[in-house]
Amino acid sequence: MDCLFCKIANGEIPSKKVYEDSYILAFHDINPEAKVHVLVIPKEHIPSCDFVNAGNSFNVSYIFEKIPHIAKEAGITNGYRVITNCGEDACQSVKHLHFHIIGGEKLPEHIR
Ligand code: AMP
Ligand code: ZN
């Protein structure tokens, strides 16, 4: 499958890893929007929030279970924002479910 984040998940394309286990991978965004900008993905290909269902939703709860540890590993100490873009109007550019963890500095109150 021609999916950038599947290729990152299987090591075909390199990434700056923050955390990895059998289910998920966290790596630094190539184009950071803040001092710390990490992406967390399930290794399983789920195209977006629209495709989360009873059979794969454990990936989402598992990611949220690990987010505090990932944020800490990335050097975030004073809070962070978690964002996922879903579909056209949200400007989702990579069609593999991912959560942006953004922090490391004071963020604007409202983002876009
Ligand atoms: P989204 O717009 O929500 O789909 O987010 C996709 C994110 O992936 C953007 O913030 C990009 O900067 C990031 N990105 C694209 N290619 C790479 C890559 N090879 N390594 C790390 N991050 C990437
Ligand atoms: Zn994928």
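Leaving out residues up to four places away in sequence, G104 touches K35, V36, I76 and G79, where contact means heavy atoms within 4.5 Å. The structure is a predicted model, in which local features need pLDDT of at least 70 and side-chain atom pairs count only at pLDDT 80 or more, while totals for chains, interfaces and linings use all residues. Residues are numbered from 1 along each chain as its sequence is written, chains are lettered from A and ligands numbered from 1 in the order in which they are written, and side-chain values use heavy atoms, with hydrogens and water left out.

G104 is found in the segment after β5, and at 40% relative accessibility G104 counts as partly exposed; here buried means under 20% relative accessible area, exposed over 50%, and partly exposed in between, with a 1.4 Å probe and protein chains only. Between G104 and I41, which are 63 residues apart in sequence, the C-alpha to C-alpha distance is 20 Å.

## Overall fold

The protein chain contains 2 helices and 5 strands, which are DSSP runs numbered from the N terminus, helices being H or I of at least four residues and strands E of at least two. Read from the N terminus on, these elements follow the order α-β-β-β-α-β-β. The radius of gyration of the protein chain is 13 Å, close to the 13 Å that the globule rule gives for 112 residues, so the chain is as compact as a globular protein of that length; this radius is taken over C-alpha atoms, and the rule is 2.2 Å times the number of residues to the power 0.38.

Along its principal axes, the C-alpha trace of the protein chain spans about 35 × 30 × 25 Å, and buried residues make up 39% of the 112 residues. Among contacts between residues at least 6 apart in sequence, 55% join residues at least 24 apart.

C6 lies in helix α1 (residues 4-9) and H45 in the loop between β3 (36-42) and α2 (58-73), so the pair ties together parts that are 39 residues apart in sequence. C6 counts as buried at 15% relative accessibility, whereas H45, at 26%, counts as partly exposed.

## Nonpolar cores

In the largest nonpolar core, which has 18 residues, the members that touch the most others are I24, A26, V38, V40, I70 and I101; such a core is a set of buried Ala, Val, Leu, Ile, Met, Phe, Trp, Tyr and Cys residues joined through side-chain atoms within 4.5 Å. At least two residues of this core come from each of β1 (17-20), β2 (24-28), β3, α2 and β5 (99-103), and the largest share, 5 residues, is supplied by α2. Apart from this core lies another, of 10 residues, among them C6, L39, I41 and V94.

## Individual residues

I102 lies in strand β5 and, at 3% relative accessibility, counts as buried. Its C-alpha atom is separated by 5.7 Å from that of V36, although I102 and V36 are 66 residues apart along the chain. I8, in helix α1, is also buried, with a relative accessible area of 7%, and its contacts beyond four places in sequence are with I13, S15, L25 and F27.

C91, placed in the loop between β4 (80-83) and β5, is exposed, with a relative accessible area of 58%. C91 has a positive phi of about 60° although it is not a glycine.
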